[in-house]
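This report describes how two chains meet. Please look at the sequence and the model before reading on.

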Number of protein chains: 2
Amino acid sequence: MDSQVIEQGEAGDKLLAQKDVLRPFPKTRRTMKAFLLGVKGILFRVGDDWYFLFALGVIMALISFTMDFTVSKLLNAHRWLQQELGNNTFLRYLSWIVYPIALVAFSTGFAQSITPHSGGSGIPELKTILTGVILEEYLTIKNFGAKVVGLTCTLSAGSTMFLGKVGPFVHLSSMIAAYLGRMRTSVTGHYENKSKEHEMLVAAAAVGVSTVFGAPISGVLFSVEVMSSHFAVRNYWRGFFAATCGAFMFRLLAVFNSEQETISAIFKTNFKITFPFDLPETFFYMILGVICGTISCAYLFCQRWLLGYVKRNPYTTKLMANDKPVYSAILALLMATITFPDFLGQYLASRLSMKELLVSLFDNRTWWTLSQNMSSPSPVGVDPQNLWMEWANPQITIFGTLLFFLIMKFWMFTLATTLPLPAGYFMPVFIYGAAIGRLVGETVAYIFPDGITSDGVVNPIIPGGYALAGAAAYSGAVTHTLSTALLAFEATGQIAHILPVILSVLIANAIAQKFQPSFYDGTIIVKKLPYLPRIRSRQINSYKVKTNEFMKTDIEVLPRDAKFDQILQVITSSDDTEFPVVDNTETRVLVGIVKRSHLVSFLETHEHNQEPRSPGHKTDGSLSDGCIEPVNFQLSSWTSLHEAHHLFVLLNLQHAFVTEYGKIVGCVTRKEMRKAIENLANPK
Amino acid sequence: MDSQVIEQGEAGDKLLAQKDVLRPFPKTRRTMKAFLLGVKGILFRVGDDWYFLFALGVIMALISFTMDFTVSKLLNAHRWLQQELGNNTFLRYLSWIVYPIALVAFSTGFAQSITPHSGGSGIPELKTILTGVILEEYLTIKNFGAKVVGLTCTLSAGSTMFLGKVGPFVHLSSMIAAYLGRMRTSVTGHYENKSKEHEMLVAAAAVGVSTVFGAPISGVLFSVEVMSSHFAVRNYWRGFFAATCGAFMFRLLAVFNSEQETISAIFKTNFKITFPFDLPETFFYMILGVICGTISCAYLFCQRWLLGYVKRNPYTTKLMANDKPVYSAILALLMATITFPDFLGQYLASRLSMKELLVSLFDNRTWWTLSQNMSSPSPVGVDPQNLWMEWANPQITIFGTLLFFLIMKFWMFTLATTLPLPAGYFMPVFIYGAAIGRLVGETVAYIFPDGITSDGVVNPIIPGGYALAGAAAYSGAVTHTLSTALLAFEATGQIAHILPVILSVLIANAIAQKFQPSFYDGTIIVKKLPYLPRIRSRQINSYKVKTNEFMKTDIEVLPRDAKFDQILQVITSSDDTEFPVVDNTETRVLVGIVKRSHLVSFLETHEHNQEPRSPGHKTDGSLSDGCIEPVNFQLSSWTSLHEAHHLFVLLNLQHAFVTEYGKIVGCVTRKEMRKAIENLANPK
């Protein structure tokens, strides 16, 4: 510091001190001032993560709430229109189908016209980004508008399209995080490294989930399970803090909007907590887990097949290439026709919105008992207090509607996932699982109408508990996550069923993970994004396969004193982004790496067989040490595939050089590793 | 396969097939048989993790339940004795103090006589083991008996000693896991690598927590947060599965023992879920977070100071060295005297057991209102339905007892942590936090006796919710974890307070993490176990400090063709366990490492300046390539401290060699790194 400045500062302090003396309690006031300045210093450090994460949470909560608000207004308008049209079936049909067709076509057209990245959920792409692959343009802010507007339209089409919002919210949240990160860097000038970016993206994913369900803890866990292969506990709080801010704000807005009296769960249930379930029921919960696991395998297989089929089939390929909105409109027409309440829709509870579907399935009453005592066979409008009545069809009973719902939605939802519009697929899966659970629960309640008696006390069976377990187990199996169990508790505000629900989730997951890749991995495979399969613990051969059996051996190396010609030759013969530097081409001892960009700029500043243009450069026209970067990590020829895979995943490596007593002998990229792992599963 | 064997096999198959034909449905039966064999093959693979984890969970649940059962019987016997002795104060005092003194002295003596490792919780040591340090003897099965018997005695001393069982259970569980792992290796002969062991220990820690609280999800999360610096999502299910088995079995045993009607939470609460808290109360929950954070800082400081003081003070050091039971007995005498119900104990609710203390604090009623309407001022025995009456003292009111409890237990518990007996410190911290929360909650309820009116509806304040938040926030702050929030919900079976509780936990954690190391880290520091401090995100200098500024440069290297003399010289001049091998001593290019044990056996098989004894050895008497192991990982001179630290933590490294263009220039161990991080905080 300049001495003059210090003097000035001291003079200022003296002046202040003199002024202070004239006021009462000068000492106390000074101590207080120093304390407050200290607190200010702690709180207001520019670029601190707290603000960043807080802002992220609040922004996402605002977007989520606004979207929900708009969607519910639009859905209400549609419902009102349907009622106003009275008995004219044709007009009602027309209004029923035009609404989703228009919204879905607009959503597709609008989103695709701005950016082709806005389709689908975005989680598979984000997952790929978090493994270290750079997907340019994917997190740019211009996707934002496309995704928000498109998603609002998609959701406004209601349960006809059967789509959700979790995936796009994770994508939106990570876009905002990336944008805020860039803004922060430009304000503070701090260098933001890769690992920090990574942490922020994981936190953003947590915010995305938590602002949809108002579930902070499971938001963090779900995003970690889906996104990362490992996670640092040190950064746990980031996701936690941001997700809590988001969830709190999201529920707070609901209170301000008088939707609720106080902050509480989004799909609040009212199960009996003194006796939630009887011990023998655990067996049925386990069966539910098996059923959910099996159906999820079938679903994952069909979904992956259909996604591939739509890409292969020449007709759909042509349609997708030129007229995406038309494809969406055709599908919307099909689905709206099926769900028309006067037609098959009466067996599908199609008048309920997505939220109402879930709330009705989590009902703590037994539908079968209720439907026995039902007076009016078919209510005119949807009764918010008795949503279950939409499921009670006098002809085929509630069992019939539930079964029909499960069968129809299976293929309808599979078809809906091929739509090229911004949409989430978690919520539909969650509802589907709840329907499976409800069917099982109602069946158990039907078989044991008086409950399973233990010690003379009669405790009726609560099918809602099965719906909860089904939702958690099925969504967990489809996404290969366990934290859906917690999500179910946080979203419903009750945790009494914890042990049976976790049992179901574990069983369903064991089955699904054994036979199918997860929904997100499946999409990554179909979309041909870079993907590293996992090594299963039973593949003990992975310990026996050594790196020298699968590494790439034809690699270009540069000697440390490489001249223009050598560099030119190497750079033209390969399009790698990094080249290994060796001490000389005979011993080939690896001393570092050099980036392609450095080599290109070297070639630009030097000329062939000439002295460099400027005197600042080295005069011998060879690579300077300055552009050689150190190699922190290298594999040896005898590293096992298992260990190499573990390190690739842990360190997010894209490639690694292989050495043998310091001498470079090869290179392993994710491609080689993937091939080696696939060979493990299908040995030639 | 031998052709004869195949023929025999085929002949056998034919015979079987012929037999089968005689029975009905031969085809169906064969298909079924093949299917069942397939299922059997999937389920009964020897050494599969499922069985291992299942066994671990069940064994720990059995131990936990048996211990709880024994402890409750012993506590009941003590309570019965106290009642039988009637009005004779001296006899009652005698029986009150003799019981804990005898138990605690026996616990100390028994545990210490078997193994000195059995004292304390065991979590700090386990945490150290999981960073890759080998603490011999710590996980041997002979500690098991010492810990089980010792802990049972400690717990039987009741709330007088104010100690819990979480930590020892984590230790017990990891001992069993290590034992089962060794057993499995000996049965299957499979090679079990380091990372597998690591995973199993983390899963074991989860089982330990979950079998104490019956809380599977938070068991996993808490153990991950406390034990690991990062964790692999791929192995998530292991902990989850084992913890669920443990928790399920633990609660199942309670049902079989007729303690409960069905599987439910261990400290079941009964809060109003329709309106758990009003919006403005969030503010008080935040204040509670600040209070808990502040008190936790004070506690952590005092605890660390006292632990150190006991080690430094010559009198206590002498006592601890020779007469540990005497030390324990003196402390027990002091505490039992203070908690004697006719003396100060009446202000400390000292007649309640640990579990009753927690249940009473989580009461959904307002103590202040209850105590206003109380008829009998002092009940004779403890009323299980009205545990709060133990807190209601007519002289100093409930506020007085709560405040007195907090003040007394602060130093009493700090003192108790110095006891050299097997004991856990989580449960007392949890109860202490609940008492802080109850005090704040009762105060808020006192200030707003009619609740905070919103829209004319009167909703009284539930102090139990504050107790829940206090327990989660204080225990979270002391252990630097966030998952205590979830633990509180799982243990009480209600999740309605989720958002305010998480807010309190976050605030308390922010304060505690800012000013103090966690309870476990503090113990590690005092016990002088190897410890790597974390780098705080505000220490941006860690990006600027390069490895060459803190590495150790005086390292011994071996040339690849080292002769007997050189090896002897290197091995005697240093006691490192690994030595770097270079191609030659001039270029010093790192080509590999060689283990000390290899060098020693080399020296044993070769003789100085002589031909080797057996003809199988290399004839030139230099190191063979066979014992040179590859270096997978090396730092460069320009790696930043931040990155180096990150890699050390991520890869559980103990040391790494530093190279500069392939040439070895130094070495970094955890010691150097620790010093460098400490220099960041206190620059010279």
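Through which surface do the copies meet? Of the interface residues of chain B, 100% are also interface residues in chain A, so the copies meet through the same surface.

## Basis

This is a predicted model, in which local features need pLDDT of at least 70 and side-chain atom pairs count only at pLDDT 80 or more, while totals for chains, interfaces and linings use all residues. Residues are numbered from 1 along each chain as its sequence is written, and chains are lettered from A and ligands numbered from 1 in the order in which they are written.

## Symmetry

Chain B is superposed on chain A by a rotation of 180 degrees with 0.0 Å of shift along its axis, at an RMSD of 0.1 Å (least squares on the C-alpha atoms of residues with pLDDT of at least 70 in both copies). The two copies are therefore related as by a two-fold rotation axis.

## Contact

Chain B gives 70 residues to the contact and chain A gives 70 residues (two residues are in contact if their C-beta atoms, placed from the backbone, lie within 7 Å). The largest share of the side of chain B that touches chain A comes from H10(B), with nine residues (helices are DSSP runs of H or I with at least four residues, strands runs of E with at least two, numbered from the N terminus).

Strand E1 (residues 230-232) of chain A and E1(B) run antiparallel, joined by three bridges (strands pair if DSSP finds at least two bridges between them). In this pairing, A:His230 stands opposite B:Ala232.
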